[in-house]
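Visitor: I would like to go through this model and hear the grounds for each label.

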Number of protein chains: 2
Amino acid sequence: MQEKINIGLVEDQFLFRQGMKAILSAWPDIAVVFEAAEGYTVVEKLKGSNVIPHVMLVDLSLPPDGAREFSGKEVTIALLKNFPDIKIIILSGHEHESFIAQLIESGAHGYLVKDCDPDEVHDAILSVCTKGSYINTRTLKAIQNNIGRKTKVHSIRSAVEQLTKREEEILQLICNQLTTDEIAEKLFLSPKTVNGHRNSLLEKTGAKNVAGLVLYAIKNGIAEVG
Amino acid sequence: MQEKINIGLVEDQFLFRQGMKAILSAWPDIAVVFEAAEGYTVVEKLKGSNVIPHVMLVDLSLPPDGAREFSGKEVTIALLKNFPDIKIIILSGHEHESFIAQLIESGAHGYLVKDCDPDEVHDAILSVCTKGSYINTRTLKAIQNNIGRKTKVHSIRSAVEQLTKREEEILQLICNQLTTDEIAEKLFLSPKTVNGHRNSLLEKTGAKNVAGLVLYAIKNGIAEVG
DNA sequence: CCGGAAACAGGTAGAAATACCTGTTTTTGA
DNA sequence: TCAAAAACAGGTATTTCTACCTGTTTCCGG
């Protein structure tokens with residue numbers, strides 16, 4: 001008998017995790033050997049574990065609990081850094097194409113929507129093990145669309161550039177409905193400086209105004225709705 | 001042997017649905033007899049069915065496919081109208097308290113977060129069947145918080161009032177990053193009129209500026225992030 | 001049929017944001 | 001250590017938004 005493929009689950013919703021376990025366990029060639037609900041504990045937990053999964057299924061929309069942000073993207077990067085042999089498949093709900101592309105660029109080996117067939121999960125797992133990656137047509141299209149979009153949004157550079165720490169900070173405060181002057185006061189800066197960052201934000205995100213900035217922030221996990 | 005409780009699942013994510021089915025089927029007193037992926041087909045499908053579920057588990061975050069919006073809230077209302085005997089339990093991911101309160105007000109009999117224990121699902125199902133409802137402390141707190149919040153946001157009236165059709169329409173366009181003049185042109189209105197609606201929006205939502213409006217829109221399903 | 005809400009439209013004023021510049025200092029990475 | 005990027009700060013001009021008013025018309029429910 002062939003050795004089983006060891007699977008790790010990173011998913012905050014307990015119900016979904018249990019469900020996935022039930023689904024995966026139905027295949028004789030698959031064993032779920034690791035589970036985690038929060039992103040930031042994954043690497044630590046794995047280091048203390050004696051069984052390292054071959055494939056990790058990571059939920060994209062892990063909530064950024066508390067202060068620290070540790071979404072599916074961060075988990076992917078951290079995992080690849082510490083366990084370069086682990087194959088990573090991203091699971092996502094109703095996410096956005098631009099984000100998927102980012103994930104793949106971050107080094108994820110596969111991508112699945114939660115609204116897929118259980119068989120597809122099995123396929124994906126086998127595929128990342130044997131071929132090293134799994135990209136279905138849907139994902140491919142998303143990536144292509146996104147790349148296509150990138151070049152036409154503003155300039156070739158702008159969309160690829162990512163925000164700096166300060167810019168993210170200010171974007172968050174904008175989402176908190178603070179005005180430029182209020183932000184300046186809060187961060188002990190000149191309003192002119194904040195204004196500069198604001199302009200950079202509009203430039204980099206391709207947003208037309210605050211509405212666009214807020215949407216961008218939410219889409220990219222910089223701000224939350226609640 | 002006692003009769004089984006018939007369960008219906010309304011959940012767009014196929015994987016989650018399968019998982020839930022697996023979990024639910026593990027209990028001998030429960031049978032999954034109905035499934036739907038989209039909200040707007042539920043009532044129709046049920047009318048054509050000869051087995052009516054006793055309890056419906058409805059995903060709150062059903063995506064508003066295409067033009068028509070038919071989220072968990074609409075499904076709840078439609079179900080209660082057509083099948084008043086069905087008990088409805090809302091399932092939600094990382095949703096917002098204010099929304100939960102709305103759901104309960106819409107007539108849902110119970111509320112569960114997706115990050116709960118499978119046992120809790122079982123408890124909830126039994127509870128809505130025998131006692132007619134299921135509210136855990138977490139939900140109760142959410143509702144109370146929300147009610148508490150309502151009274152202090154702006155005025156007693158403002159937060160309770162809901163937006164008119166026109167206001168929602170304009171809010172959507174604001175989220176699309178249109179300026180007042182652009183909205184006016186698009187809707188064949190005077191910019192002054194749009195301005196008036198804008199002011200009403202700020203007043204009713206308690207938002208301080210567009211950022212607040214966008215957040216409100218997303219929180220209440222009027223606009224989407226993608 | 002009447003009252004109230006919604007939608008419409010107008011005005012004035014000031015606050016805030018956006019679009020362009022310019023430059024210096026500090027941090028960081030190759 | 002050297003160059004690039006980030007953060008900082010300033011100026012000017014214009015657009016857009018927000019906060020107050022005023023009023024009319026239309027439509028719907030009691």
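This is a predicted model: local features need pLDDT of at least 70, side-chain atom pairs count only at pLDDT 80 or more; totals for chains, interfaces and linings use all residues.

Visitor: What makes β1 and β2 of chain B a pair?

Guide: A pair needs at least two bridges between the strands. Strand β1, residues 5–10 of chain B, has six bridges to β2(B), and the two run parallel. One of the positions is Ile7(B), whose bridge partner in β2(B) is Val32(B).

Visitor: How do you know that β3 and β4 of chain B pair as well?

Guide: By the cut-off of at least two bridges. Five bridges join β3, residues 55–59 of chain B, to β4(B), again in parallel. Met56(B) stands opposite Ile88(B) of β4(B). β4(B) also pairs with β5(B), in the parallel sense and over four bridges; there Leu91(B) stands opposite Leu112(B).

Visitor: What is the order of the strands in the open sheet of chain B?

Guide: The order of the five strands is β2-β1-β3-β4-β5, with parallel pairing.

Visitor: Why are β2 and β5 of chain B said to stand at the edges?

Guide: β2 (30–36) and β5 (110–113) of chain B each have a single partner strand, so one side of each has no neighbour in the sheet. From one strand to the next, the twist averages 25°.

Visitor: Why is strand β4 of chain B called mostly covered?

Guide: A residue is buried when its relative accessible area is under 20%. In β4, residues 87–92 of chain B, five of the six residues are buried, so the description follows from the count. In chain A, buried residues make up 49% of the 226 residues.

Visitor: Which residues come nearest to DNA strand C?

Guide: Of the 16 residues around DNA strand C, the nearest are Thr180(A), Asn195(A), Thr164(B), Arg166(B) and Ser190(B). Sugar and phosphate account for 72% of the atoms of DNA strand C that come within 4 Å of the protein.

Visitor: What makes the approach of Arg198(A) to a phosphate oxygen of DNA strand C a polar contact?

Guide: The pair must be N or O atoms within 3.5 Å. A polar side-chain atom of Arg198(A) lies 3.4 Å from a phosphate oxygen of DNA strand C, so the pair counts.

Visitor: Which element gives the largest share of the surface near DNA strand C?

Guide: α9(A), with four residues. The surface near DNA strand C has three nonpolar, nine polar and four charged residues.

Visitor: How do you know that His197(A) makes a polar contact with DNA strand D?

Guide: From its distance: a polar side-chain atom of His197(A) is 3.2 Å from a phosphate oxygen of DNA strand D. The limit is 3.5 Å, so the contact qualifies. Arg166(A), at 2.7 Å from a phosphate oxygen of DNA strand D, and Thr193(A), at 3.1 Å, qualify too, because both distances are within 3.5 Å. Elements that give two or more residues to the surface near DNA strand D are α7 (165–175) and α9 of chain A, together with α9 of chain B.

Visitor: Which element gives the most to the surface near DNA strand D?

Guide: α9(B) does, with four residues.

Terms used
Residues are numbered from 1 along each chain as its sequence is written. Chains are lettered from A and ligands numbered from 1 in the order in which they are written. Side-chain values use heavy atoms; hydrogens and water are left out. Axes are lines fitted to C-alpha atoms, for helices over the stretch in contact, and angles run from 0 to 180 degrees between N-to-C directions. Buried means under 20% relative accessible area, exposed over 50%, partly exposed in between (1.4 Å probe, protein chains only). A residue is near a molecule or strand if one of its heavy atoms lies within 4 Å of it. A polar contact is a pair of N or O atoms within 3.5 Å; within protein, one must be able to donate a hydrogen and the other to accept it, and residues adjacent in sequence count only if both atoms are side-chain atoms. Ala, Val, Leu, Ile, Met, Phe, Trp, Tyr, Cys and Pro count as nonpolar, Asp, Glu, Lys and Arg as charged, and the others, Gly among them, as polar.
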